[in-house]
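This report describes how two chains meet and how one of them is divided. Please have the sequence and the model open while reading.

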Amino acid sequence: MIILLYLRFIKLRFQSITEYRGAFIAGVIAQLFYYAVFFSLIWIMISHFKTMNGWKPMEVMFLYALNLLSYSISACFVFLPFANLSQLIQSGEFDAICIKPMNPFLFLVTSNFNVAYIAHFSLSLAVMIFCIIQLKIAINCFTLFLLITFILGAGLIQAAGMLFTSIPAFWIIQNISLQAVFFFELKAFIQYPLSLYNRIIQIFFTFIIPYAFINFYPAQYFLKKNDFLMFHPSFQFLTPFVGLFLFFLAYRFWLSGLKNYQSTGS
Amino acid sequence: MELIIVSNLHKIFKVLIRKKGLKGSLASFFFRKYKKVEAVNNISFSVNRGELVGYIGPNGAGKSTTIKILSGILVPSGGNVYVNGIIPYEQRKKNAFNIGVVFGQRSQLYWDLPVEETFDLYKRMFKIDNAKYKKNVELFIDLLDMNDFFGTPVRQLSLGQKMKANIAIALLHEPAILYLDEPTIGLDVVAKNNIRKFIKEINKERQTTIILTTHDMHDIEQICNRIILIDKGQLLYDGKIESFKNKYEGNCILSVVFKQEDTVFTHPQLKVIKKEGNKNIILFDRKNITPGEAITFIARNFETTDLQYKEPEIEEIVRKIYEGKNEKQE
């Protein structure tokens, strides 16, 4: 039932987009261009160094593609509602969500599917396939299954990051800067191999804010690396579990934030 | 049958005390002081099935807060609320099926899509079966004249058309209760009348209980048979609209600007309640002297440059009642 409703919402969003075809296409092209420049910058920088702590340029590209691909998948579902939560609350739209016969969390996610991430998705998928070919990564049923599972798990970690950083909106009504720092800026660290940084940062991104599980650990399985710092090699398989656990935790916290919701005047 | 029961309802908001100036801003950044504001202070009432209740009061009186508690958006700080046997904030989902809510300042429609699409979405969200959906859509199209714009993208609709569609959507799942928060705000006279007629019609046909907040006294007069008046979170009046009118509506106001500043004005029925230079605010009771007589008297005996007749506005009546209440307490 909820799935049918979700498909309905997605259909409505597609219909809305077709009303503004020009704007949509322009947006997709702009995003494609932005991330293409980003990929080229990384490429230029690491090919200048030849290797980065034992990581070849193509391997670092793979790292970034993993990050962007999982982000694009989770952002389709969670970006619009949770990056704009404080605005939804300020404008009073959130009130209207609370009187729908649905869980507000589910309503937000289902009614805010964002098709525009097709740009990130296609670009990062293309780069990933290119890396797989260049690095001669063996792809069979099993490794493909693992790859997809890791990407989905990484997507859940990203979604949990967005969720966690949206929760303060229930209290302080303004959380944009917080989200910018703790989600978007912090993730800049995982563009490069974690082994580049000092111990404290390695521990921080493994246990405190475990963004390293988005790409650094799972990538090593496919790249046949053994760069596990002070941690156990089994960390390369943990991504799906970390993802599920964090997402569940974020969801529970989000609901308790909702309980505190005060609404705004009139 | 009592559909809505509110007893000893309280809602307290914590509001940050801000100090003036840069120094004050810095101080309140580090040391936060809050004061407690009682948005709703010990309100009790109950509403029977099929009643048309006007819930009125000045801005900031606590109307919206009450509506939000009744619809399950806010959790009260104290007291009990039952809507159709349910505690709304504990069972939001279940409560949603019993109520329809229209916020006059906010549209529920998809901006870029035809009205029809939002209807269809609500059909799915509220699990309305085909027969019921078809029956209701036909009824609303007929009663609200929606035929012309049912297939038009919402962004091309007028404010009145959007309001009609919003009210229709709120009623699509046949809720027992409809909350209307300023449903006629910003509309022209014709659109206002259509909407008022429709609300009464629905109430008559389906026994839908309606709670309406508004600042438009005509809304109240034409739709409601009972009013609940609140101010500063407290209940001031709850009863039949006729007795409210008899009690307070006699008072009318004339605003007169005399040519000479030192004009001395006396009349047994006309009382000067305020004087600002040449401008005199005169209060009289319509039961003792008609507005026509009052105006004629002033025009005959004095030289005036301006004369305005005002019916008392709801805000003024509310103030007066409130002041009267304070005096009694003292």
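## Helix packing between the chains

In this predicted model, helix H1 (residues 2-19) of chain A packs with helix H4 (residues 115-125) of chain B at an angle of about 165°, and the axes of the two helices are 10 Å apart. Because angles over 145 degrees count as roughly antiparallel, H1(A) is roughly antiparallel to H4(B). The crossing in which H1(A) passes H4(B) is left-handed.

On the side of H1(A), the contact is made by A:Leu5, A:Arg8 and A:Leu12, while H4(B) contributes B:Glu117, B:Leu121, B:Arg124 and B:Met125.

## The contact as a whole

Taken over the two chains, the contact involves 18 residues from chain A and 23 residues from chain B. On the side of chain A that touches chain B, the elements that give two or more residues are H1 and helix H5 (93-98) of chain A. Of these, H1(A) gives the most, with six residues.

## Domains of chain B

Chain B is divided into two parts, with domain 1 covering 2-246 and domain 2 covering 250-311. The centres of domain 1 of chain B and domain 2 of chain B, taken over C-alpha atoms, are separated by 40 Å.

Key. Residues numbered from 1 in each chain as written. Chains lettered and ligands numbered in written order. Predicted model: local features only at pLDDT ≥ 70, side-chain atom pairs only at ≥ 80, totals over all residues. Axes fitted to C-alpha atoms, helices over the stretch in contact; angles between N-to-C directions. Helix = DSSP H or I, 4+ residues; strand = E, 2+ residues; numbered from the N terminus. Parallel < 35°, antiparallel > 145°, perpendicular 65-115°, else oblique. Left-handed = near helix turned anticlockwise from the far one by under 90°. Contact = placed C-beta atoms within 7 Å. Domains from an automatic or database assignment.
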